[in-house]
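Please look over the sequence and the structure before reading on.

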Amino acid sequence: MKKNVVVLGTQWGDEGKGKIVDLLTDKADAVVRFQGGHNAGHTLIINGHKTVLHLVPSGILREGVDCYIGNGVVVAPNALLEEIKQLETAGVDVKSRLKISRAAPVIMPYHIILDQQREIAKGGKAIGTTGRGIGPAYEDKVARRGIRFGDLFEPERLKEKLSETLSYHNFVIEHYFNQSPLDFDEVYAQALNYGEQLKMTSADVTADLHNLQEQGKSILLEGAQGSLLDIDHGTYPFVTSSNTTAGAASTGTGLGVTDINYVLGITKAYTTRVGSGPFPTELFDDDGTMLAKNGVEFGATTGRPRRCGWLDLVALKRAIQMNGVTGICVTKLDVLDTFEQIKVCTAYKVGDKEFNHFPASAEAWENIQPVYECLEGWMSQTKGMTDIAKLPPQAQKLIDKIENYTGCPVHMISTGPDRNENIVIHNPFV
Ligand code: GDP
Ligand code: IMO
Ligand code: MG
C-alpha cells in the first residue's frame with residue numbers, strides 16, 4: 001500500500017535520522033528533504049562503511065530510489081557539488097537521481113559572511129551556528145529578496161536580482177561589520193557557473209511528488225535538525241532558522257498535509273545538543289563523559305563535541321505533540337549498556353515549584369532544574385540486537401516509561417550505527 005512517511009528528530013538534532021531514513025528507504029520509492037540545509041550531517045553506516053550526507057537525501061545509497069530537495073531547503077551550490085563529487089567518486093550515481101526544486105532559496109557567499117560576522121559580534125552570546133549561512137539565507141527568502149535555485153539558469157533575471165540584493169548586503173558587510181565588500185562580477189560569474197553544473201537537477205519537485213503519488217508510489221520525507229531547534233517552537237533564540245517540525249514536510253515540498261500518513265519521531269535514548277542554549281538535563285560529570293564516549297558524540301558537520309545529558313521526557317512529550325508523531329524510534333539504546341543507573345527527566349523545577357510543561361520563552365528556561373526518575377541499568381549488551389524478545393527487562397522498562405509518559409508507541413529501536421542493527425516492532429511503511 002502507498003504510504004508517505006515523515007522521519008524527523010524530536011530533540012536538538014543528531015538523533016540518528018539519517019541511519020533510519022536509509023534503513024526505511026528499502027520500502028520507499030523516493031526520499032525528499034524538506035527544510036534546513038547543509039547544516040545537517042546525516043551519518044549512514046553500511047557494513048562498516050561510513051557516509052556522511054549534508055544536503056543529498058539519505059536515500060541515495062539505495063539504488064532505484066529517487067532523491068529530491070524540496071522548496072523548503074536552502075541550497076548551497078558549492079557544498080552540494082562537493083558532496084555529489086564525493087559520492088560519485090565512491091561509485092554512487094547522484095546527478096541522474098537527484099532533483100532540486102527551482103523554488104529553493106540559494107545560499108550565497110554573502111550569507112556565509114553575515115552568519116559568521118554576526119556570531120563574532122555576539123561574542124559570549126553567540127548561538128553557535130554552523131557558520132554556513134543558513135539563517136541569512138532564510139531571512140532573504142522571507143524578505144522576498146532571495147535568489148532561488150531556478151534563478152541560476154536565467155542570466156538576465158539573476159543579474160537584476162543579484163545586483164539589488166548584493167548592494168544591500170555589501171552595505172552591511174562594509175559599514176557595519178567593517179569587512180571587504182564582495183565583487184558583483186565575481187559572485188555573478190560563480191553563480192552562473194554553479195547553475196551550469198547543476199542545471200540537469202532542476203525540477204518542479206511539487207509536481208514530481210504528486211506524479212509519484214498518482215502512480216501509487218511511497219515517499220519518505222526526511223527532516224533535518226530537531227524539533228527543539230524549530231524557529232517557532234524550539235528554544236528560541238537558540239534555534240535554527242527553519243521550521244523543523246512536521247508541518248514543514250508539507251510547506252517544504254508542496255505535498256498536502258493530508259498526504260502524510262505517518263510521522264516517525266527519532267529519539268535518542270539520552271540527549272545531546274551542539275551549540276549554545278538551554279539544556280536542563282545536561283551532565284558535567286562522569287555519566288556525561290561516558291555518554292559522549294560510548295556514543296562518539298562529535299558533530300557530523302562541524303566536528304564539535306556534543307553536549308550530553310539524560311533523556312528529557314517533558315521536552316519529548318512536547319515534541320510528540322507538536323509533530324503529531326505516530327510512532328517513536330528510540331536510537332542509541334546500546335550507548336546505555338554500561339550504565340548501572342539511568343535517569344529520565346519527568347518534570348522541571350524552579351526553586352520549590354515543580355511543573356511538567358515546556359517553558360514558553362527563552363528567559364523561562366533560565367534556572368530550570370530537572371526532576372529525575374531513576375531506572376536500573378541492564379549492564380549487558382544490547383548492541384546489534386534485532387529481536388525484541390531478547391531485550392533485557394530493564395531496557396524494556398525504559399521503553400515502557402517513554403511510551404507511558406508520552407502516550408506514543410515505540411515502533412523501532414536502534415541498537416547500533418550500522419544499517420542492520422535495529423529492532424523493528426512496526427515498520428512505518430507496512
Ligand atoms: P542525524 O543528524 O540525526 O542523522 O544523526 P548524526 O548522523 O548526526 O548522528 C548520529 C550518530 O550516531 C552517527 O554517528 C550514527 O552513526 C550514530 N548512530 C545512529 N544510530 C545509532 C545507534 O543506535 N547506536 C549507536 N551506537 N550509534 C548510532
Ligand atoms: P542534523 O540534521 C544538531 C544547530 C547548531 C546551532 C543552531 C543554529 O544533523 O540533526 P544554524 O547553522 O542552523 O543556524 O545553527 O542549530 N544545528 C544542529 N545541531 N544537528 C543538526 O542537524 C543541526 N543543524 C543546526 O549547532 O546550535
Ligand atoms: Mg547530524
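From which domains does the lining of the largest cavity draw at least three residues each? They are domain 1 (5–101 + 202–262) and domain 3 (266–424), and each of the two gives at least three residues to that lining. The model is a predicted one.

**The cavity**

- One cavity of 30 Å³ or more is present in the structure.
- The volume of the largest cavity is about 40 Å³.
- Thr 10, Gln 11, Trp 12, Leu 228, Thr 271, Asp 312, Ala 315 and Leu 316 form the lining of the largest cavity.
- Sorted by class, this lining of the largest cavity contains four nonpolar residues, three polar residues and one charged residue.

**Ligand 2**

- The largest pocket is where ligand 2 sits.
- There are 20 residues around ligand 2, and those that come nearest are Asp 14, Lys 17, His 42, Thr 130 and Thr 240.
- The shell around ligand 2 is made up of ten polar, seven nonpolar and three charged residues.
- Thr 240 places a polar side-chain atom 2.6 Å from an oxygen atom of ligand 2.
- For His 42, the distance from a polar side-chain atom to an oxygen atom of ligand 2 is 2.7 Å.
- Asn 39 has a polar side-chain atom that lies 2.8 Å from an oxygen atom of ligand 2.
- On its own, ligand 2 has 550 Å² of accessible area, and the protein covers 97% of that area.

**Ligand 1**

- Ligand 1 sits in the second largest pocket.
- Around ligand 1 there are 19 residues, of which Lys 17, Gly 41, Thr 43, Asp 334 and Ser 414 come nearest.
- A polar backbone atom of Lys 17 is 2.8 Å from an oxygen atom of ligand 1.
- Gly 41 also has a polar backbone atom 2.8 Å from an oxygen atom of ligand 1.
- With Lys 332 the contact comes from the side chain, where a polar atom lies 2.9 Å from an oxygen atom of ligand 1.
- Of the 590 Å² of accessible area that ligand 1 has on its own, the protein covers 92%.

How values were computed: Residues numbered from 1 in each chain as written. Chains lettered and ligands numbered in written order. Predicted model: local features only at pLDDT ≥ 70, side-chain atom pairs only at ≥ 80, totals over all residues. Heavy atoms only, no water. Near = heavy atom within 4 Å. Polar contact = N/O pair within 3.5 Å; in protein donor to acceptor, adjacent residues only side chain to side chain. Areas by Shrake-Rupley, 256 points an atom, 1.4 Å probe, with all protein chains shown as cover. 1 Å grid on protein atoms, 1.4 Å probe; cavity = no way out; pocket = protein on both sides within 12 Å on 5 of 7 lines; lining within 4 Å. Sits in = over half its atoms within 2 Å of the grid points. Nonpolar A, V, L, I, M, F, W, Y, C, P; charged D, E, K, R; others polar. Points joined across faces, edges and corners; volume = space filled by probe spheres on them. Domains from an automatic or database assignment.
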